[in-house]
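Me: Could you walk me through this model, one question at a time? Here it is.

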Amino acid sequence: MEVFCSLSWTHSISPRLHIPHPFSVGETNRFRVICSAAQSQKANQMTVSVTGATGFIGTRLVQRLHADNHNVCVLTRSKSKAETIFPVKNFPGIVIAEEAGWKDCIEGSNAVVNLAGMPISTRWSPEIKKEIKESRIRVTSKVVDLINSSPQGVRPTVLVSATAVGYYGTSETQVFNENSPSGNDYLAEVCREWEGTALKVDKDVRLALIRIGVVLGKDGGALAKMIPLFMMFAGGPLGSGQQW
C-alpha cells in the first residue's frame, strides 16, 4: 500500500483502512510532518559493511552507524566475539557475517569500511611484523576482490580503507601533507602495500584512504595503556615537548 502524505485526504486511505472522520487541518499537518520525517530518514539510510568492526575504532563506528539508523553488516573472522560486543538485544538488525558470508553482505551495501588488521601495539618479533603486514593486505585484498566481482547494480559505491600516518615515516621537524612521499621504515612499507592493495578497487568505486594517527580513548588504544602508569604516579613527559 502506498501512502501519500498531503492535505487532500478525506475519509479513507484504501478500501481496507478506513478513517471515520476527516482530519482537521492541525491533525493533517502533524501527520504530514511525521510522514515527511520518516521518508527523509529512509532516503538517507545506508547499508554499510565494516571489517575490523570489533576493534577500537570499528566498535565505535558500528555503534554510531546503528544509532543513526543505518543498516550495518559486521564482517568478521570470529562471529562469537562479534556477538559478544554487539549483542542482539542492544543492536537489533545488525548482520554479523564470517568470511563465507562476506560476499552476500558486500553485494548490496552502499559502502564498505575496511579497518581490519592486527594491532601494532605489541612487541615486534619477525613473526609479528610479518603478521601485522599480511593481516592488512589479506583482508584488504579480499574486500577489493569482492567489490570488483559484485554485479553493477549491487556494487558498493564507496570504499573507505584505513591506513596510517606511519606512511610518512618519522621526523621531529618536517611537515607532512597528503602529497608528501612515503617514508623508508617498516611502518611506511606496511602502509604503502596496504594502500596499494586498496587502490586496485575498480575506478567506478570512490576510494577514501584515511591515514589514521594515534587514536585516544579511555577504553582502549594508546591512552588506556598509559593511564594506569600515570594513576600510579609512574608517568612522565612524552618526549621533549618539541615534537609534533
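This is a predicted model: local features need pLDDT of at least 70, side-chain atom pairs count only at pLDDT 80 or more; totals for chains, interfaces and linings use all residues.

Me: Thanks! Let's begin with β3: how many of its residues are buried?
Reply: Residues are numbered from 1 along each chain as its sequence is written, and side-chain values use heavy atoms, with hydrogens and water left out. Helices (H or I, at least four residues) and strands (E, at least two) are DSSP runs numbered from the N terminus, and buried means under 20% relative accessible area, exposed over 50% and partly exposed in between (1.4 Å probe, protein chains only). By that rule β3 is mostly covered, with buried residues numbering 5 of its 5.

Me: Which residues of β3 point the other way from Thr-47, Ser-49 and Thr-51?
Reply: Both groups in β3 are buried. Thr-47, Ser-49 and Thr-51 point one way, and the other way point Val-48 and Val-50.

Me: In what order do the strands of the open sheet lie?
Reply: Two strands pair if DSSP finds at least two bridges between them. β3 and β4 (residues 71-75) pair in the parallel sense over 5 bridges, including Val-48 with Val-72 and Thr-51 with Leu-75. β6 and β7 pair in the parallel sense over 4 bridges, with Ser-161 in β7 as the bridge partner of Asn-114. The 6 strands of the sheet, with parallel pairing, run in the order β5-β4-β3-β6-β7-β8.

Me: Which are the edge strands of that sheet?
Reply: An edge strand here pairs on one side only.

Me: At about what angle does α5 run to β6?
Reply: Axes are lines fitted to C-alpha atoms, for helices over the stretch in contact, and angles run from 0 to 180 degrees between N-to-C directions. Helix α5 lies across β3, β6 and β7. Its angle to β6 is about 170°.

Me: How far apart are the end C-alpha atoms of α5?
Reply: The expected span of a helix is 1.5 Å times one less than its number of residues. For the 23 residues of α5 (residues 126-148), that gives 33 Å. The model agrees, because the end C-alpha atoms are separated by 33 Å.

Me: Why is α5 called roughly parallel to α6?
Reply: The two helices pack with their axes 8 Å apart, at an angle of about 10°. Angles under 35 degrees count as roughly parallel, over 145 as roughly antiparallel, 65 to 115 as roughly perpendicular and the rest as oblique. So α5 relative to α6 is roughly parallel.

Me: What covers the buried residues of α5?
Reply: The buried residues of α5 include Ile-132, Val-139, Val-143 and Ile-147. Their cover includes β3 (47-51), α4 (102-106), β6 (111-114), β7 (158-164) and α6 (186-198).

Me: Is Ser-150 buried or exposed?
Reply: Ser-150 sits in the loop between α5 and β7. Leaving aside neighbours within four places in sequence, Ser-150 is in contact (heavy atoms within 4.5 Å) with Ile-106, Glu-107, Arg-155 and Pro-156. The C-alpha atoms of Ser-150 and Glu-107 are 5.9 Å apart, although 43 residues separate them along the chain. At 2% relative accessibility, Ser-150 is buried.
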